[in-house]
Amino acid sequence: MTNLPLPCRLVGGPHEQVSPEQLDDLVRTALDDVEDLAGQDVVLVIPDGTRSCPLPLLVGTLHRHLSPVVASLTAVIALGTHSYMEPEEIDRLLGVGGEGRPGSLEEAFPGLRVVNHEWADPDMLVHVGTVPAARIAELSEGRLEVDAPIVINRHVVEADTAIVVGPVFPHEVVGISGGNKYFIPGVASQEFIDMTHWVGALITSTEIIGTTGITPVRAMINEGAAMIPTRRLALCCVVRSGSGDLEAAAFGTPEDAWAATAAIASETHVEWLDEPMQRVIAVMPTRYDDIWTAAKGGYKTEPAIADGGEVVIYAPHVTEVSETHHEIYDIGYHCRDYFVKQWDDFRHIHWGVLAHSTHLRGQGTYDPQTGEERLRIRVTLATGIPREVCERINLGYLDPATVDLEALATEPGTTVIPNAGEVLYRLRPS
């Protein structure tokens, strides 16, 4: 099945607030535009718990309009290669349990099945096509030239229609997240995830983050997503960071709904500064439970930090770097050129792990003759990760027990950013 021509319907705008009634009207009207939904197997591709999102409202609205007409309704959590969510985490994600809430998923969303994207299980993945190396070279603007197998979650591939449901934010790999990114990397296999992330790393996070256009990485993602035989739709949203408030929502194809909301997110989720920050304390919410995700506090602030400055990732609740990507403990955190100029030593490491390393460490240079790595800023962890581990992975250490956020907020040259990780900070062009 291919996508049929579909209008993109939008409600809200920068710093507006979309009510549940407006959202319901948008979804009802938009689904009326979609042909042949009756009797179909439909999959919702939803975010995990690392993003601000009123997911119970979004899923509830779609469930209300879809469940009476479709044959089956399944929600697949777009984990990429994040850790699988436990049942109690899924309940919290979808607003189940607790005072005044439904006691179970079945009570909240009758007939809805919720599953993880089991990216580590080959039986749950289906090969849908291959993007030839020459095409990858074209899309990546010459940065990569290898065949790219497109392998997607079985639930998505075997459904009649798949609907992306989730927010868009500035993103270190693709520019602005959302849209087809929920398919790739959200419900894809690790191989193509590695390729797209490494292309983003070659461009550098500083350069690509917050870009609203079709970046080379998004071009690769769109190309791969087009090979999915399922009809692809999307309910993309702009959510006020740290809340469940919807500023905007769009329904249409993943490409159109993403473009409409990415333009809004670039206004609401980017703070432009006239002067660089010297030292940033990025206070990470508990939705980030390891450095693999809490590193977003570094990604989002590094572009606006002065040369020689520092970002402190303050997350006392974090006790490990990554639950699933243990290679990061061995390679540590380095700038792009550290890996590029020693490629034969590192090419066997998952490229997504290398990319994550460079995204957090930021800009720098590496001289292979002297072995000297010069990094533009310092990155320090104030977490539950011990000093010796921080030093081993090439990051600074600060005892979180010594951090007084109120005192630091008044300290000249220090900027404390609460609820860090979603809003991007950039310097105005001079």
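Begin by selecting helix 1 (residues 20-33), which lies across strand 1, strand 10 (231-239) and strand 11 (246-252) and runs at about 175 degrees to strand 1. Helices (H or I, at least four residues) and strands (E, at least two) are DSSP runs numbered from the N terminus, contact means heavy atoms within 4.5 Å, and axes are lines fitted to C-alpha atoms, for helices over the stretch in contact, with angles from 0 to 180 degrees between N-to-C directions. The model is predicted, with local features needing pLDDT of at least 70 and side-chain atom pairs counting only at pLDDT 80 or more, while totals for chains, interfaces and linings use all residues. Residues are numbered from 1 along each chain as its sequence is written, and side-chain values use heavy atoms, without hydrogens and water.

Next, display the open sheet of seven strands, whose order is 1-11-10-7-2-3-4 with mixed pairing, where two strands pair if DSSP finds at least two bridges between them. Strand 1 (9-12) and strand 4 (112-116) stand at the edges with a single partner strand each, so one side of each is left without a neighbour in the sheet. From one strand to the next, the twist averages 15 degrees.

Within this sheet, select strand 2 (residues 41-46) and strand 7 (residues 161-167), which pair in the parallel sense over four bridges; Val45 stands opposite Val164 in strand 7.

Finally, move to Arg378, found in strand 17 (residues 378-383). Leaving aside neighbours within four places in sequence, Arg378 is in contact with Gly308, Gly309, Glu310, Val311 and Arg361.
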